[in-house]
Every structure is written in C-alpha cells, then in structure tokens.
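Here are a few exercises to work through with the model open beside you. Try each one before you read its solution.

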Amino acid sequence: MSRTALRICPLCEATCGLTLTIEEGRVTRARGDAEDVFSQGFICPKGASFGELDGDPDRLRRPLVRRAGRLQEADWDEAFAAVEAGLWPGLRDHGGRSAGVVLGNPNVHTVAGGLYPALLLGALGTPNVFTASTLDQMPKHVSSGLLYGDANALPVPDVDRTDHLLVIGANPMDSNGSLCTAPDFPGRLRALRRRGGKLIVVDPRRTRTARMADRHVAIRPGTDALLLFAMVRVLFDEDLVATGDLGAQLTGVAEVRRLAADFPPEAVAGACDVSAEEIRTLARELAAAPKGVVYGRMGSTTVEFGTLTSWLVDVVNALTGNLDRPGGMMFPLAATGRRERAPRPGKGFALGRWHSRVSGHPEVKGELPSVALAEEIETPGDGRIRALLTVAANPVLSAPDGDRLERALAGLDFMVSVDPYLNETARHAHVVLPPPPPSQSPHFDFTFNHLAVRNQVRYSRPAVPLDPDRMSETDILARLVLCASGRGGADPAVVDAMAIEAALGKAVADPGSPVHGRTTAELAALLTGGTGPERRLDMMLRLGPYGDGFGADPDGLTLRSLLDRPHGIDLGPLRPRLPALLRTRSGTVELCPEPIVRDVDRLRRALAGRPTGLVLIGRRHLRSNNSWMHNVPSLVGGSNRCTLQVHPEDAARLGLADGGLARVKGDGGEIQVPVEVTDAMRTGVVSLPHGWGHGRPGTRMSVAGEHPGANANQLVDGTRLDPLSGTAVLNGFPVQVDPVAEPALPVPD
C-alpha cells in the first residue's frame, strides 16, 4: 500500500517542493509539488532521483570504528565512546587549537547543519575551521561584509521583476541558481525574455544559459574585475551614474570614480579579450534599462580577483540605482532572520582577527582557507592539528592537492567523519557516523531562505520514520558537542535545552526584542514541537521578523503555522531593506572600503598580463552537485561526464582527438582525462568539471567507482589564492595539455 508525503528537496539551492510516493517505508517516486508556494511543481533530474539517492545501498547504516587498522561496524554507544576516548584527551592536553573542523557543502541543506556546527565549534574552542566557502563563495561574503557591515547580507537578483539581467560566470540553466535560491530558474529566465527583457551572459564557455541569451560575451577567464571596472569608468565618463534614492545611503562614490580612472575600456580590452566598444555597450544598456541587475557567481569568485569582482558587481548595481530596488539586486528577509530595527551604525566587518599557524593566512568570517588544512596537520609544533572532525565534507576531492591532504590525514592522531558514505575522505577516519537518508530527516532551509528571490517559509517533517538502527543527524551532532565537552554520556537533548536557554536569555535582555523583560522559563514553556530541533525552530520563527513574538502578534509565524500549511507560506516579493540592515560603522553603504582600495593595486598590475598558454575553468552540470551525487546511477553517464572540453582550433593545434586521452598538468600535478572537442569553448580555454576522481582504495561507492573521472583540483597546489578571502583559484589557472599516445598494438609472431 502506498502513500504520499511532502518534502523539500535538499539536493541543490533551488529548494523545490516534492511529493514523494512511499511504499513499504521506501521512496519509490518523486514529483514536483504543484501546490508548493515557491516552486509550484517544478522538478529537475536531481529531485526526480530523490528515491534512488535516498535508498542507495552504499549508504552506511551503522557507525564504523577502526579496530586493528580496519573500519568495522559498531553500535552507536560504542562509536561515541570511541569518539570521546579519541577526542577528549587531546583537547584536555593540547587545547582547542589541536583540533580542526571541516564543514562541507551539504551542511547548508540540512536542519542539523543549520543548528549545531556553531555549538560544536564553541565546545571545541578551535580557531581551525575550514569550510566549502573558501572553495566557492567567500569573496561575496567579504565584499558584503565590507560594503554593508554584515558578511551574511548577500543581495540576490530580483529575476522575476527585472528588465535586464547581466550574468557573469554563472550558469543557472544548469545550476538552478547559486547564492540565489530560485526554483525553476530556467523558467524565470524564459519569463524575462517573454516580457521583453534582455539576458546577457559573460562566460568563457557557451553554456546552456549563454545559448538562450540575447548576447554571449566570451571573456578570458579571471578578468571579470577588469571588465566591471571599465564599465564603472564608462558610467562616470558618460554621466550614466544615477543612484536615485539610494544616493543618500552611499559613501565613497568619489573614491570609486578615482579608482576607475585607471581602467578605461581601451586599457582592459586586451586583457579581457573583449572589445572596448562591447564594454561600453554593456554599461550603456544596463544604465538605460528601467530595471537592471548584474549577477555574478562561481566563475567570478573562484578566481585571482574574486573579492574585487564581487565588490564591483554591487558597485555597478549601486551606481545604476539598481541596488535594493525591485527588479535590481535585493536583500531577502528570511523567517528566521533578525527583526528589522531603526537604522543605526554597527560594528562593521573585520578581516584577519587571527591568522593560521603555518603560513599566516588571515581569518575570514571565522574561517581559515581550505588550502591551509594539510600544512596545519603536517607541520610539527605547538598548535598542530592532531584531531579532525569532518561533517558532510570530502576535501580530498573538493580542495586543492588532495594527494597531499590524504598523506596529511594519515598523520592525524584521531579523525571523525559524519558522512553517509565511506568516501575519499571518510575512509581515513577512526570513526564514521552516518546520518540517515533525507526521507528520514526533517527539512528547513536556514541558509537558502536568506538567498531566496521571494520571501517564503516551508518546513518538512520526516517523510519516513527513522529506522531503529539509525540515529538522527541532529542527535549525532548534538552528541559530538557533548563529546567535545567531555560529557559524551549525557542526553543529547541537553544541547538543545542549552541553546534555547542562551538564545532566549539574549532576547529577553534586548530592549529591541518583542520579549524584552520576560523570563526565559516562561518563554521556553510556550515552545512547541516534538523534538529539540523543532522547539529551536519554533523559537527562531517566533523571534523572527514575521513571528508572533511569543504572543505579541497573534497572526505571527510559529512552528504550528508551518505544520498547518504543509505547502509553505508565501511572505511576498522582496522589498527594499536599506538602510535598516546596514551594520557598517558609518551606517551607510561604504562603497570604497580600505581593504578593497589596497587590493586594486594588484589588479592594476594585471592590466599588462595576458596568458599565452591554456587556462582551465570548471563547469556545472544539471545532474550533479559537487562530489556527493556521483553514486546515483540515473545521474551519471550520458552528458554528465568528466571530459576535458577543448575548442576545435586548440585541439588541432595540440593534436588532441575527440574521445582520445589528454594529459593535463598544473601547479599541483597531472591527470589524464578524455577529450571532448566542442565549439562551446572559446580558444585558449579548456574546461573540466569539479568533484570527480572517485574509485580510490577503501571507498564504498560502487557507482562512483565505476565512473571515477579525474580530479581537476589535483591540478592546483593551493598557492594561488584570492588574498582578501583566502579562496582557492579554481578557475582561470594555467595548464599544459598534451595528447596521450594510444598504446601500441602487439606485433604478431
């Protein structure tokens, strides 16, 4: 007998609503939820494969504990006893600096990942935090921190109301949006075209998004900052700057004009390989559009000038009056975010509050660059990382020079991995703690609601009861918090109780809070929910910008509101939020912060540079998401292949044949990969997707092992960084490509 259940898809940033068919406790079908207030029935191939991923036989069910050098199944109590025995003595004897934590991309797709990592870091007391952010979007956090005083104030393009969308280094037709939560992004782009709007794509590759655009500009990789600075110069030179009502909230406009003087279109055209007239046209068309917006993503952040590019995206939007207005770049207001208050100056945003031990990399947003992890484990001395916790992370594939990191992991005293698979990283752990499949977990988008193109809120309870031999991911992370505190035997519910007590204590002491002056005991007694995480969610909703304030607004949001509306609650289109969200010391948008000014000198030097050899870029695919979806049969093969895309002219010059093998060499090593000759690439650039390189000994991912691919990140050694954000340069780095000779046929006797 079958039944259906609603579930928000956790497999990419689009957060589409799904309707699951459940038969005998197993998901047998997934289709789009036509009544979902946000996605309205849209589904992509990843969402359609939900049941296949959920029921993957390679998913671990029970913990693994290393005994006599081998990982063997254990029960949960034995596993956590091993965690505490391996972790606590080192923390006691060597302090928090002896531990490191790696948080992977899937954390932002789970309730557990939204609620517990901060508590875990607090319990460990470690400054050694590494996340996927410094392999992806950290430049955007840094530019937002410097501009707005809040590194998490990330504006998104108001795609549903814009007339002109300039996309730089993004492919939302395949990614379904990135740092821009927008179910059915392809449909939204088609709607833009239908209403007479214009779509321009700046990308070295003719992606699916570029193919549907009005115009495709095939820029040289890594030069987006030069292009944008030249656009700024045009805006000033041709009196196209029109900040409108935003002008009173901007400081530093004159300084930006002074900086842009060194970047006229004629000066940057050669480096970008984009004509001066094309650059002027891009600026003029954006300025002329009634509502326009520039949107940049991973192709513009994982480059040498990622932070400058991210900053210039917002500068161009501000100078054309398209920041914080409908149809431009706007700031979502999530249901669990801060309540809006009267504008006032804040503390601002600081970089480099501490530095890494070995290379002195500055801290950014509480993190160190992922490229520093290996050396922090390898290098002897006080503060060396001796114990490592990885949560939903596979840095052996996702970070530069995974071969070096593998060698470093072997030297750890102790390692714990929270992961459903025994993957390329988890295979080195002493204890592996597998979370249950997504159907057995609740879902709330703590992160992506802050990036959504429309304000809304949705919650999914588990669609399938938790198997008796599994542990919820929230309990796994709560017990890790207790182990890090030397209290591994305590009830994990105490962690949620402490978190509630601390949050409510802060709220009742805050004169601007709707619960100011009340008692924490009174408020805690009002919370609803069947679990500790649900009680915390109820608290966050009640204290949030749409919440009931614990009874102050009877129509406000609570957990019960969401349970009564299983298809979600629409909270309306994005609306202007400046200056209330600003946390800068001046209380304005600080358009020309000093760290940016200093880094512009580095960009000036790039004007004279023009690489003569090949450079490599990554690429997205609709049926993939980093390294963690290559074990689903329906999502591998076909067009989702790990191939080196090469322009026909480059292939002919290098002697490469379509379908043949190429040897690719970079700073960090070399790989061999099949060649795909295509005119979708511009000359001088080759492309290889991210997240491959499976099939290493000791892993248990059978499908991925049959389709291993090659690890593009092994080509970089981590020395190329965007200095302001610590982000690894994974796009636009030089490579050498040569054909691999076919093996000679044996000579018959």
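**Exercise 1.** Which residues in the largest nonpolar core touch the most other members?

Solution. Keep in mind that you're looking at a predicted model. The largest nonpolar core has 90 residues, and Phe229, Val232 and Trp311 touch the most other members. Next, look at where the core comes from: H10 gives the largest share, eleven residues. Now zoom in on Phe229. Skipping residues up to four places away in sequence, Phe229 touches Leu259, Ala260, Phe263, Trp311, Leu312, Val600 and Leu603. Finally, there's a second, separate core of 48 residues, with Val111, Phe446, Val457 and Met471 among its members. As background, nonpolar side chains tend to be buried together in soluble globular proteins.

**Exercise 2.** Work out whether H10 and H15 run roughly parallel or roughly antiparallel.

Solution. Start with the geometry: the axes of H10 and H15 (residues 306–319) cross at roughly 25 degrees and come within 9 Å. Angles under 35 degrees count as roughly parallel, so H10 is roughly parallel to H15. The crossing of this pair is left-handed. Then check who meets whom. On the H10 side you'll find Asp224, Ala225, Leu228, Phe229, Val232, Leu235 and Phe236, and they meet Leu308, Thr309, Trp311, Leu312, Val313, Val315, Val316 and Leu319 in H15. Sort the residues of that contact and you get 13 nonpolar, one polar and one charged.

**Exercise 3.** Is alanine 372 buried or exposed?

Solution. First locate alanine 372: it sits in the loop between strand E14 (329–330) and helix H16 (373–378). Its relative accessibility is 0%, so alanine 372 counts as buried. Now list its partners. Leaving out neighbours within four places in sequence, alanine 372 is in contact with Phe130 and His361.

Methods:
Residues numbered from 1 in each chain as written. Predicted model: local features only at pLDDT ≥ 70, side-chain atom pairs only at ≥ 80, totals over all residues. Heavy atoms only, no water. Core = buried A, V, L, I, M, F, W, Y, C linked by side-chain atoms within 4.5 Å. Buried < 20%, exposed > 50% of the residue type's maximum accessible area, 1.4 Å probe, protein only. Helix = DSSP H or I, 4+ residues; strand = E, 2+ residues; numbered from the N terminus. Contact = heavy atoms within 4.5 Å. Axes fitted to C-alpha atoms, helices over the stretch in contact; angles between N-to-C directions. Parallel < 35°, antiparallel > 145°, perpendicular 65-115°, else oblique. Left-handed = near helix turned anticlockwise from the far one by under 90°. Nonpolar A, V, L, I, M, F, W, Y, C, P; charged D, E, K, R; others polar.
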